[in-house]
Amino acid sequence: MPTSDHDIIQTLSTCPEKGFRLLMAKYMEPIYWHIRRLVGTHDDAQDAAQETFVRVFRAIGQLDAASSLSAWVYRIATHEALRLIEKRQTAPVSLDDEATPISILATDAYVDYHDAEAVRMQQAIRSLPTKQQLAFNLRYYDELDYAEIARITDSTPASAKANYHLAKERIVKYLREND
């Protein structure tokens, strides 16, 4: 039976080591892949994921009881990924900058380069502006609802939904134009 977020938070407060193991067991893989889709490479994703969980562990006492642990962890992971991307370029990356897609780092072998469709899909996603890329990845790959995406990206559910649908339209257009 999967451990609930409430149980993880309770265990972290009473037995931090055990709670951290529960947190890692539940969130390490999805957070790694969330970051990986943003930064592209395994090494960078691994570094950002580790830093994410260090930050989560240090700040767990700051989590509002009414907040979603999942959204909070994803939000920290998103900021870690953006911080890593920013470190790799000269101009800062912002979720509000529509002109700055997260396509500045080359991906490594998580894309099957023998599958032309998968390569084109990744290129299409990486061509999106940051907010659209985040909304698409969180909805399509992580299957989060718009309210969770809004909490992660510091926006509204309507904005998250709009960004997701714009992303879908741009991906379809990209795939048609690059047939």
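Visitor: What does Val-73 touch, not counting residues up to four places away in sequence?
Guide: Val-73 touches Leu-23, Tyr-27, Ile-31, Thr-52, Phe-53 and Val-56. Contact means heavy atoms within 4.5 Å. This is a predicted model, where local features need pLDDT of at least 70, side-chain atom pairs count only at pLDDT 80 or more, and totals for chains, interfaces and linings use all residues. Residues are numbered from 1 along each chain as its sequence is written, and side-chain values use heavy atoms, with hydrogens and water left out.

Visitor: What makes a nonpolar core?
Guide: Buried Ala, Val, Leu, Ile, Met, Phe, Trp, Tyr and Cys residues make one when they are joined through side-chain atoms within 4.5 Å. The largest here has 44 residues. Ile-35, Leu-69, Trp-72 and Val-73 have the most contacts inside it. Among the elements that give two or more residues to this core are helix 4 and helix 6. Helix 4 supplies the largest share, 10 residues.

Visitor: Why is Asn-137 called buried?
Guide: Buried means under 20% relative accessible area, exposed over 50%, and partly exposed in between, with a 1.4 Å probe and protein chains only. Asn-137 has 0%, so Asn-137 is buried. Its place is in helix 6, residues 130–141. Leaving out residues up to four places away in sequence, Asn-137 touches Arg-37, Leu-38, Ile-125 and Asp-142.

Visitor: How do you know that the span of helix 6 agrees with its 12 residues?
Guide: Helices (H or I, at least four residues) are DSSP runs, numbered from the N terminus. The expected span is 1.5 Å times one less than the number of residues. For helix 6 that gives 16 Å, and its end C-alpha atoms are 16 Å apart, so the two agree.

Visitor: What makes a space a cavity?
Guide: On a 1 Å grid over the protein atoms alone, a cavity is a set of points where a 1.4 Å probe fits but cannot get out. Points are joined across faces, edges and corners, and the volume is the space filled by probe spheres set on them. The whole structure has 1 cavity of 30 Å³ or more. The largest cavity holds about 40 Å³.

Visitor: Which residues line the largest cavity?
Guide: Lys-131, Ala-135, Thr-153, Ser-155 and Asn-163 do. Lining residues have an atom within 4 Å of a point.

Conventions: 1 Å grid on protein atoms, 1.4 Å probe; cavity = no way out; pocket = protein on both sides within 12 Å on 5 of 7 lines; lining within 4 Å.
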